[in-house]
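Hi,

Here is the structure I promised to hand over. Have a look, and then read on for what turned up in it.

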Amino acid sequence: MTCDLPILYSFRRCPYAMRARLALVASGQAVALREVVLRDKPAEMINVSPKATVPVLVLEGGAVLEESLDVMNWALAEADPEGWLEADRADMDELVAQNDGPFKHHLDRYKYANRYEGAVAEEHRTEASKTLSDLDARLAGNDWLCGSRASFADYAILPFVRQFANTDRAWFDAQSWPHLQSWLERFLASDRFKVVMKKYPQWSAGDPEPTFPEA
Ligand SMILES: N[C@@H](CCC(=O)N[C@@H](CS)C(=O)NCC(=O)O)C(=O)O
C-alpha cells in the first residue's frame, strides 16, 4: 500500500479493465487499485472522469487516462519487456478496431439480447462468429495473432473472446475453431490470467488500496 503510485479504478470482470490490467502487469507498472462496483461507483472516480467507465488511471501528476487502450499504451510506453508493441502497429490497430467496433456490438446483443429492443441473440452470435472465424484462420499459422509472440492485439482482444465463449460455453466448444479455442485456453490457464483476475473488495474512500500487481 502506498500513496506514490498511479491509481487504477478497475472492475474485475470488465474486459476493458482486464486488458488494462494485463498491460500493467506486462510492463511491470504497479498501481494502487480501487475496485469499483458499476452500480455504486465512487464519487472520487466520477469527479476525475465524468463519463464514468472503467478502467480509469490517474497518474501521479494528476493526468487522467479514461480509455483502456490509452492505459495499455501508457503502460507499454513505460516498459515493454515482452515486446507487445513490436508487431506491425497498423495490423494490430485494425484487429483491435474490429474487436471494439463490430465484434463488441454483436457480442453485447448476443450476451444481453433482452437489453436491446428487437435483438435476436442467435443472429448477433452469427455475426460475431465471423470475426472469430477470421481470428481462427490467423491463428492457424501462428500461436499469436501477429506472429510467434504475444502482442498488444492478443491481450486487447482476449478478454472479449473470453466473454463471448462464456456466454454459452457448450456452443463455443462445439465450434470448429481449434486455433482460437487453444489460444483462449492458453490464456485462461496462464499465471498472467490468474494475476489479473485476483479478487479485491469494493473500494470506498479511506479504504486501503492494494498494490496491483502484488509484489
Ligand atoms: N471505451 C471504454 C469503454 C469502457 C467501458 O465501457 N467499461 C464498462 C464496463 S465493462 C463500463 O464502465 N460501463 C459503465 C457502466 O456500466 O456504468 C474503454 O475502452 O475504456
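By class, two nonpolar, two polar and four charged residues line the second largest pocket (Ala, Val, Leu, Ile, Met, Phe, Trp, Tyr, Cys and Pro count as nonpolar, Asp, Glu, Lys and Arg as charged, the others, Gly among them, as polar). They are D91, E94, L95, Q98, T131, D134, L135 and R138, and the elements giving two or more of them are α4 and α5 (121-141). Its volume is about 150 Å³, meaning the space filled by probe spheres set on grid points joined across faces, edges and corners. A pocket here is an open set of points on a 1 Å grid over the protein atoms alone, where a 1.4 Å probe fits, with protein on both sides within 12 Å along at least five of seven lines; lining residues have an atom within 4 Å of a point.

Bear in mind that this is a predicted model: local features need pLDDT of at least 70, side-chain atom pairs count only at pLDDT 80 or more, and totals for chains, interfaces and linings use all residues. Residues are numbered from 1 along each chain as its sequence is written, and side-chain values use heavy atoms, leaving out hydrogens and water.

The largest pocket comes to about 570 Å³. Of its 26 lining residues, C14, P15, L38, Y112 and Q163 lie nearest the centre. Helix α6 (helices being DSSP runs of H or I, at least four residues) gives the largest share of that lining, four residues. The whole lining divides into 12 nonpolar, four polar and 10 charged.

Cheers
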